[in-house]
Amino acid sequence: MTDQKCDKKSNNMENQDWVYSEIVKEHFLRPRNYLMGDESKFKYDAMGLVGNPICGDQMKMYIKVKDNKIVDIRWKTYGCASAIASTSALSELAKGQTLDDALKIDAKQIDDYLGTLPKHKFHCSVLGHEALADAIKNYRDK
Amino acid sequence: MVYLDYAATVPMLPEVLEAMHRAETQFFANASALHTPGHLALNEIENTREILAGLIGAKPSEIIFTSGASESNNTIIRTFEGCQIETSLLEHHSIIESAKKYTGDKLPKLYSYMLANNEIGEILDIVQIVKDAAKISLPKSADEPEIFKPKTEWGKPLVTDRRGAYVHSDLTQVLGKIPINVHELGLDYATFSAHKIGGPIGVGALYIKEGVPLTPLIIGGNQEHKRRGGTYNTVGIIGFGVALKKMRDERSWELYDTQVRKLRDELARRILAEIPGSSLNTDITPGKSLPNILNASFQAAEGESIQLYLDAEGIIVSTGSACAAGDIKPSHVLMAKTGDAEVAHSSIRFSFGLESTQKDVEKVMEVLPGIIDRLQKISTIEMKEKK
């Protein structure tokens, strides 16, 4: 494989057999908490939406809230591998958090969780974060 | 690994590798030197020049070697710096960006059009395109000279008025895939690259018709009759020659037209039949596209994700959706062709080579339907209709 997508943070590229790190690969190939098919399958309290397919990525985040805590979470995305992996990571980080704490999860935290998201893919993790913030806002506005 | 990204680069042929390895010690000398080792190295370079010239209907003296297609393209655009340059959004960035920068309003005029597109493989009727472009941009004033007189139809010599216009074509993608004759195409200039035919990366060539203008991009040496300065890349040019010779000896364009076309068409047929929401961006009608390229879009599934899911299965393809630096740009070619960003973002290019096999098609179709289905099911985009 070529060494594209390599940046300073992922200087262990020579030990990898894939373009992204093992943990990104894991979340991309086996994403957590995604919503498969019809969204009515998941009984959610609020949904957040960011992005636009015309721009190449769009994200939807669905949350179920109890006692001000995110008790369950699902997402859907039209986007690249990093968008899928970072949203998967975010859903793991947000589950069980209070709404306030969930809002504090930022792109850097997602990036740290995934370890080695290439720099030019950083915006993908922002997208998931924005979708979650939008869902929380929609919940609070209800 | 199932490698289906031949349009990006063709893996170096074993005989090329072997010849280059040998050349490193055998033809190490500076090919411009007057001593025997230098002369032997130059002989090898001239051998490659003759093979390429023979393959495209040119004289060896009309060929120069460059560092690749981008340099060849840039050389031509810079030759016409300040002149009117007509080109299209389907071209490679080395044409588009340099044309943008160096175009002007002077004559002579340059037309630069690819014979076949890199991404969807569309074969373009250069003669007609140049005619149409001339119609749009010809000065209407009676005082202006008639700068361009297309006199013949497709496949026959295109006669240009030398005072007014010249024609360049980037033939990088077509070399070896279909027969090429620079005279039949009416070309004054043509660009070629070694790594698209199994030669090394970093070697290209430029056809310059006898008598047409040329301004060297690299000056400071007498190499290539002062048309391109710099010490000859003897080893690379030898590698290019071996790939060209193989192409000529096995008449590769016939193999592309038969065995490669069969695989490409079968993949196209199976994608349409087995994958809901799929569509072809390549017109696979014979004569309309290169026989080795298939570009397809998959509704509601994003190209980079499809590419990387395939990659994880050991299948190497390319996508027209490049997501980088916070700016997700769909392929400029697919945007120019379809005007539909969703189609461009959901596109995958499968490009075959002479080493591709039926098993490659089968391996793709073992995993692709599942990958698309999964991406469509987790997508925010609703499928428009089920096939």
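This is a guided tour of a predicted model, stop by stop.

**Stop 1: chain A**

Select chain A and colour by secondary structure. Follow the chain along the sequence, and the pattern reads α-β-β-β-α-α-α-α. Now switch to a surface. Chain A exposes about 6400 Å². Carbon and sulfur atoms supply 49% of that area. Of its 142 residues, 52% count as buried. How much of the contact set links residues 24 or more positions apart? Such pairs account for 60% of the contacts in chain A with a separation of 6 or more.

**Stop 2: an aromatic cluster in chain B**

Over all chains, the count of aromatic pairs is eight. Select B:Phe80 and B:Tyr189 and show side chains. Their ring centres are 5.9 Å apart. The planes meet at 85°, over the 60 degrees required, so this pair is edge-to-face. Where do the two residues sit? B:Phe80 is in the loop between α3 (69–79) and β3 (83–86) of chain B. B:Tyr189 is in strand β6 (residues 189–193) of chain B. The pair therefore ties together parts that are 109 residues apart in sequence.

Check the burial next. B:Phe80 has a relative accessible area of 1%, so it is buried. B:Tyr189 is buried too, at 0% relative accessibility.

B:Tyr166 and B:Tyr189 form a tilted aromatic pair, 6.4 Å centre to centre, with 55° between the planes. B:Tyr166 lies in strand β5 (residues 165–170) of chain B and B:Tyr189 in β6 of chain B, so this pair links parts that are 23 residues apart in sequence. B:Tyr166 is buried, with a relative accessible area of 8%. Keep the three residues on screen: B:Phe80, B:Tyr166 and B:Tyr189 make up one aromatic cluster.

**Stop 3: a lysine over a ring**

Select B:Lys177 and B:Tyr256. B:Lys177 lies over the face of B:Tyr256, at 5.5 Å from the ring centre.

**Stop 4: a four-stranded sheet**

Go back to cartoon and select β8, β9, β14 and β11 of chain B. They form an open sheet in the order β8-β9-β14-β11, with antiparallel pairing. Which strands are at the edges? They are β8 (278–280) and β11 (318–319) of chain B, each pairing on one side only. Zoom in on β11(B). Two bridges connect β11(B) to strand β14 (residues 347–351) of chain B, in the antiparallel sense. B:Thr319 stands opposite B:Ile348 in β14(B).

**Stop 5: backbone exceptions**

Most residues other than glycine have a negative phi, and most peptide bonds are trans. The next selections depart from that.

Select B:Leu107 and B:Pro108. A cis peptide bond joins them, with omega at about 5°. B:Pro108 is placed in strand β4 (residues 106–112) of chain B.

Move to helix α6 (residues 223–226) of chain B, where B:His225 lies. B:His225 is not a glycine, yet its phi is positive, about 50°. Is the residue buried or exposed? B:His225 is exposed, at 71% relative accessibility.

Finish on B:Lys226, also found in helix α6 of chain B. Its phi is near 65°, again positive in a residue other than glycine. B:Lys226 has a relative accessible area of 57%, so it counts as exposed.

Key: Residues numbered from 1 in each chain as written. Chains lettered and ligands numbered in written order. Predicted model: local features only at pLDDT ≥ 70, side-chain atom pairs only at ≥ 80, totals over all residues. Heavy atoms only, no water. Buried < 20%, exposed > 50% of the residue type's maximum accessible area, 1.4 Å probe, protein only. Contact = heavy atoms within 4.5 Å. Areas by Shrake-Rupley, 256 points an atom, 1.4 Å probe, with all protein chains shown as cover. Phe/Tyr/Trp six-rings, centres within 6.5 Å; stacked < 30°, edge-to-face > 60°. Lys NZ or Arg CZ within 6 Å of the ring centre and 35° of its normal. Pairing = 2+ DSSP bridges.
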